[in-house]
Amino acid sequence: MKILMIPAALLLLITPCLAWSSSATYQPMDLTSTIVGYLSLLVFALAYTLVIFEEQLHLRKSKPVLLAAGLIWIMIAIAYKTHGYDHAAEIALRHNFLEYAELFFFLLVAMTYINAMIERKVFDALRGWLIDKGFSYKNLFWLTGTLAFFISPVADNLTTALIMCTVVLTVGKNAPKFVSISCISIVVGANAGGAFSPFGDITTLMVWQKGLLQFTEFFNLFIPSLVNYLVPAAIMSAFIPAGMPNSVDDNETLLIKRGGLTIVMLFALTILTAVCFHNFLHLPPAIGMMTGLAYLKFFSYYLKISEHSRNSPGFEERFQEGSKDNAQTDFREFDVFEKVAGAEWDTLFFFYGVIMAVGGLGFLGYLGLASEFIYGDLGPTTANVLLGLMSAIVDNIPVMFAVLTMSPDMSQGQWLLVTLTAGVGGSLLSIGSAAGVALMGQARGIYTFASHLKWAPIIALGYAASIYVHMWINAGLF
């Protein structure tokens with residue numbers, strides 16, 4: 001039996017090599033003018049139409065793109081198989097899947113940390129502090145927008161926008177105009193803040209993991225991103241109603257639960273670990289993030305053990321009568337796997353569908369044609385500006401992945417430009433970013449597509465100003 005297992009084991013080892021060699025000599029086929037190409041385009045267009053109308057259809061955006069990705073690769077595999085290339089589609093798909101896998105694990109860890117901070121009421125405490133300080137409407141407008149700008153580079157822009165929107169909804173119950181304009185400012189600020197950090201947006205993360213820009217090089221976009229936020233915010237602030245909101249009756253005590261600040265520090269350490277893995281060890285940042293997840297898992301074990309100890313008989317007697325209730329509120333076990341389960345799975349699956357579908361269109365030859373026209377005929381500057389505008393209608397994830405798949409020969413300044421425009425272009429419309437879509441649901445009837453569209457020219461002014469500032473202060477990078 002053992003003798004038979006040895007050849008079997010060797011066969012398992014060499015089979016992938018044989019599969020690769022049998023298809024390594026194939027010539028990629030141009031299928032852009034075939035029925036397979038046309039059907040793939042149609043499938044992708046239909047799927048993305050459903051994504052755009054997600055709110056109206058109440059159909060989660062991951063569902064159509066997951067189906068589209070599967071159908072596109074089925075057609076590609078059949079087309080290549082009929083020409084005798086049995087494993088060509090498999091090899092191409094594995095390449096795209098590996099790119100997704102790295103981003104998936106990176107984002108999963110980041111989302112887990114954010115969920116842990118939410119459960120420990122870190123963001124609730126920040127919200128409570130803002131509400132209790134008695135700021136005026138104009139003060140709150142600037143505070144929520146500025147905090148959105150500076151928090152989103154670390155936390156994702158969706159979470160940041162939702163937290164800030166909760167603040168303006170709580171204090172602006174009787175001032176719908178304040179809520180509407182503030183929501184627009186929050187969306188612009190969150191998207192702009194995410195553009196100058198590898199962790200601020202999925203698109204910047206994609207560029208960083210691809211190795212096109214180093215970690216510190218993204219900070220060249222700080223001033224252009226700040227301009228993108230400040231220009232429309234300065235104009236909109238003139239329309240914020242005067243006065244102060246009424247005091248808020250909130251019986252809930254918004255205090256950070258035990259271990260909350262430690263989790264914030266562990267998240268910062270996890271980010272540092274990912275950066276060191278990438279810059280010094282030349283390992284994928286996702287491996288550093290997974291290592292950082294171990295920090296949280298061990299800390300969750302500490303919380304579990306220590307909370308059991310605190311809840312043991314005789315514990316309460318060591319506290320004064322007035323602190324018993326407060327101590328008991330922390331006894332609920334902190335389960336890190338609940339935080340993993342609470343990740344934005346719809347977003348992660350949507351991301352998978354987009355990468356697989358766009359990768360399939362690239363393998364068919366469409367992205368090569370698009371690159372030749374966009375970057376060849378129009379030039380990189382015009383192309384990158386137009387792609388930013390496109391991201392206001394089509395999500396910036398497929399736009400950026402398409403650019404990375406095209407891999408045009410561009411200077412560092414141009415890669416920074418497309419990172420900037422893809423990140424902030426979605427602010428032009430409320431449906432152009434996850435933050436905008438989420439706030440339309442949270443502030444339903446107050447912050448709407450129409451209310452955002454009214455300020456689109458002002459936001460476009462900030463978009464143009466940020467591009468000009470980038471090309472001015474970073475001229476040496478072009």
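Here are a few questions and answers about this predicted model. Residues are numbered from 1 along each chain as its sequence is written. Local features need pLDDT of at least 70, side-chain atom pairs count only at pLDDT 80 or more, and totals for chains, interfaces and linings use all residues, while side-chain values use heavy atoms, leaving out hydrogens and water.

Me: Is T32 buried or exposed?
Reply: T32 lies in the loop between α1 (2-24) and α2 (35-52); helices here are DSSP runs (H or I, at least four residues), numbered from the N terminus. Buried means under 20% relative accessible area, exposed over 50%, and partly exposed in between, using a 1.4 Å probe and protein chains only. T32 has 7% relative accessibility, so T32 is buried.

Me: Which residues does T32 touch, leaving out those up to four places away in sequence?
Reply: Contact means heavy atoms within 4.5 Å. With that cut-off, the list for T32 is Y38, L364, G365, Y366 and L369.

Me: How many residues of helix α10 are buried?
Reply: Helix α10 covers residues 202-209 and is largely enclosed by the rest of the structure. I202 and W208 are among its buried residues.

Me: How are α17 and α19 oriented to each other?
Reply: The axes (lines fitted to C-alpha atoms over the stretch in contact, with angles from 0 to 180 degrees between N-to-C directions) of α17 (residues 366-377) and α19 (residues 396-406) come within 9 Å and cross at roughly 90°. Angles under 35 degrees count as roughly parallel, over 145 as roughly antiparallel, 65 to 115 as roughly perpendicular and the rest as oblique. Therefore α17 and α19 are roughly perpendicular.

Terms used: Helix = DSSP H or I, 4+ residues; strand = E, 2+ residues; numbered from the N terminus.
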